[in-house]
Amino acid sequence: MIDHAHDDRIGILRAIAPDAKANTPSLNIGIPDTPPVAWLVPETGGLEWTTDPDAIEAAK
């Protein structure tokens, strides 16, 4: 993925959280009332970083 919010940094999308679709009443858990965040990791490994999901797009 290309992260336009971080100088077009390239990384692998690991997760987008919180996932509002994961709210399962039968498990009695709740999803925080916060905007989702995309988690990316560098292609060669290293520290993950977060960004706005609207700021990323698939690398070509």
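This report describes the strands, side-chain contacts and exposure of one predicted protein model.

## Basis of the description

The model is predicted, and local features are given for pLDDT of at least 70, side-chain atom pairs count at pLDDT 80 or more, and totals for chains, interfaces and linings use all residues. Residues are numbered from 1 along each chain as its sequence is written, and side-chain values use heavy atoms, with hydrogens and water left out.

## Overall fold

The secondary structure of the chain comes to zero helices and five strands, where helices (H or I, at least four residues) and strands (E, at least two) are DSSP runs numbered from the N terminus. Read along the sequence, the pattern is β-β-β-β-β. Of the 60 residues in the chain, 20% count as buried; here buried means under 20% relative accessible area, exposed means over 50%, and partly exposed lies in between, with a 1.4 Å probe and protein chains only.

The five strands form an open sheet in the order β4-β3-β2-β1-β5, with antiparallel pairing. Because β4 and β5 stand at the edges with a single partner strand each, one side of each is left without a neighbour in the sheet. Two strands are said to pair if DSSP finds at least two bridges between them. Strands of a sheet pair through backbone hydrogen bonds, either parallel or antiparallel.

Strand β1 (residues 2-3) pairs with strand β2 (residues 9-17) over two bridges in the antiparallel sense, and within this pairing R9 in β2 is the bridge partner of D3. Strand β2 also pairs with strand β3 (residues 37-42), again antiparallel, over six bridges, and I12 stands opposite V41 in β3. Three bridges then join β3 to β4, which run antiparallel, with A38 opposite T51 in β4.

## The turn between β1 and β2

The hairpin of β1 and β2 has five residues between the strands. In the loop between these strands lies D7, which has a positive phi of about 55° although it is not a glycine, and which is exposed, with a relative accessible area of 76%.

## A buried threonine and a partly exposed alanine

T51 belongs to strand β4 (residues 49-51) and counts as buried, since its relative accessibility is 6%. Its side chain makes a polar contact with the side chain of D3 at 2.9 Å; a polar contact is a pair of N or O atoms within 3.5 Å, where within protein one must be able to donate a hydrogen and the other to accept it, and where residues adjacent in sequence count only if both atoms are side-chain atoms. Leaving aside neighbours within four places in sequence, the residues in contact with T51 are D3, A5, H6, V37, A38, L40 and I56.

A15, in strand β2, is partly exposed, with a relative accessible area of 31%. Apart from neighbours within four places in sequence, A15 is in contact with V37, A38 and W39. The C-alpha atoms of A15 and T50 are 9.6 Å apart in space, while these residues are 35 apart in sequence.

## Charged side chains

The structure holds one salt bridge, a term for a side-chain nitrogen of Lys or Arg within 4 Å of a carboxyl oxygen of Asp or Glu. The side chains of E48 and R14 meet in a salt bridge (3.7 Å, N to O). Because E48 lies in the loop between β3 and β4 and R14 in strand β2, the pair ties together parts that are 34 residues apart in sequence. E48 is partly exposed, with a relative accessible area of 41%, whereas R14 counts as exposed at 56% relative accessibility.

The charged end of R9 sits over the ring of W49, 3.7 Å from its centre; this description applies if NZ of Lys or CZ of Arg is within 6 Å of the ring centre and within 35 degrees of the ring normal.

## The end of the chain

K60 is placed in the segment after β5 (56-57) and counts as exposed, at 95% relative accessibility. The C-alpha atoms of K60 and I2 are separated by 9.1 Å, although these residues are 58 apart along the chain.

Key:
Contact means heavy atoms within 4.5 Å.
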